[in-house]
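Please consult the sequence and the model while reading.

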Amino acid sequence: MGTKTEDETAAEAAAKPAKPADSEAADAVDDTTTDAVSTDAAKADDADDTDDDADDLVVVEEVAPAKSGGVFQGAAAVVSAALGVIGLSGGWLGTVAAARSNIVGQLETKQSASVADQIQALYGDSWQVTALIAGSFALVALVVGFVVLVRPAFGAPDQVQAPWIKSVAWAGVVLGVIGLLLAIAKYSDLIYGLPSTS
């Protein structure tokens with residue numbers, strides 16, 4: 001009977017260490033699995049960051065050329081509109097040229113010239129000079145605006161022209177056409193012709 005107790009005690013003692021060994025093995029497996037999952041998550045985060053950086057680089061490269069091309073086209077459109085406005089009146093240059101033509105007419109006209117010749121020399125020539133200069137500004141405005149409008153067709157086909165550039169360029173073209181028509185009408189005496197002396 002005493003032998004059985006010792007055998008039972010030895011069996012129980014032998015059975016007890018086996019349980020912690022199994023627990024340690026299970027813990028080791030859990031730690032390994034946890035480490036593997038953490039490593040996979042870190043790799044996935046790094047891959048996402050790399051993809052985000054690559055997307056950012058592509059966006060910057062696509063936007064940069066459009067800005068540089070639009071600056072010159074926008075400036076040309078504004079210049080076209082400004083020249084169109086000057087073309088409606090002739091501007092300061094037209095005024096100076098008209099005054100000079102008036103002085104030359106006064107110096108070259110003889111006292112014995114007819115009234116019609118005097119009016120033509122003093123006023124008609126200066127009006128025609130103003131019309132010529134105004135027509136020149138209007139023609140340049142028309143050409144510059146037209147070039148801005150057709151530029152995308154001959155430049156980079158994938159570059160989209162900003163709507164405000166088209167609007168200002170169209171304004172320059174329209175003002176150029178109106179100024180050119182007015183200059184022709186003034187030069188040919190269709191409007192504001194010289195008064196009749198007869």
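In this predicted model, Thr-130 counts as buried because its relative accessibility of 18% falls under the 20% cut-off. Thr-130 belongs to helix H3. A polar atom of the Thr-130 side chain lies 3.0 Å from the backbone oxygen of Ser-126. An α-helix has 3.6 residues a turn, so residues three or four places apart point the same way.

The side chain of Ser-101 comes to 3.4 Å from the backbone nitrogen of Ser-126. Ser-101 is part of helix H2, which covers residues 91–108, and Ser-101 is buried as well, with a relative accessible area of 14%.

The two side-chain contacts are set out below.

| Side chain | Backbone atom | Distance |
|---|---|---|
| Thr-130 | oxygen of Ser-126 | 3.0 Å |
| Ser-101 | nitrogen of Ser-126 | 3.4 Å |

Helix H3 comprises 40 residues, 115–154. At 1.5 Å a residue the helix should span 58 Å, and the distance of 56 Å between its end C-alpha atoms agrees with this.

Which element gives the most to the lining of the second largest pocket? Helix H3 does, with six residues. The lining includes Gln-120, Gly-124, Trp-127 and Thr-130, and also Lys-186 and Asp-189. By class, five lining residues are nonpolar, four are polar and two are charged. The space in this pocket amounts to about 150 Å³.

Note on methods. Residues are numbered from 1 along each chain as its sequence is written. This is a predicted model: local features need pLDDT of at least 70, side-chain atom pairs count only at pLDDT 80 or more; totals for chains, interfaces and linings use all residues. Side-chain values use heavy atoms; hydrogens and water are left out. Helices (H or I, at least four residues) and strands (E, at least two) are DSSP runs, numbered from the N terminus. The expected span of a helix is 1.5 Å times one less than its number of residues. On a 1 Å grid over the protein atoms alone, a cavity is a set of points where a 1.4 Å probe fits but cannot get out, and a pocket is an open set with protein on both sides within 12 Å along at least five of seven lines; lining residues have an atom within 4 Å of a point. Grid points are joined across faces, edges and corners, and a volume is the space filled by probe spheres set on the points. Ala, Val, Leu, Ile, Met, Phe, Trp, Tyr, Cys and Pro count as nonpolar, Asp, Glu, Lys and Arg as charged, and the others, Gly among them, as polar. Buried means under 20% relative accessible area, exposed over 50%, partly exposed in between (1.4 Å probe, protein chains only). A polar contact is a pair of N or O atoms within 3.5 Å; within protein, one must be able to donate a hydrogen and the other to accept it, and residues adjacent in sequence count only if both atoms are side-chain atoms.
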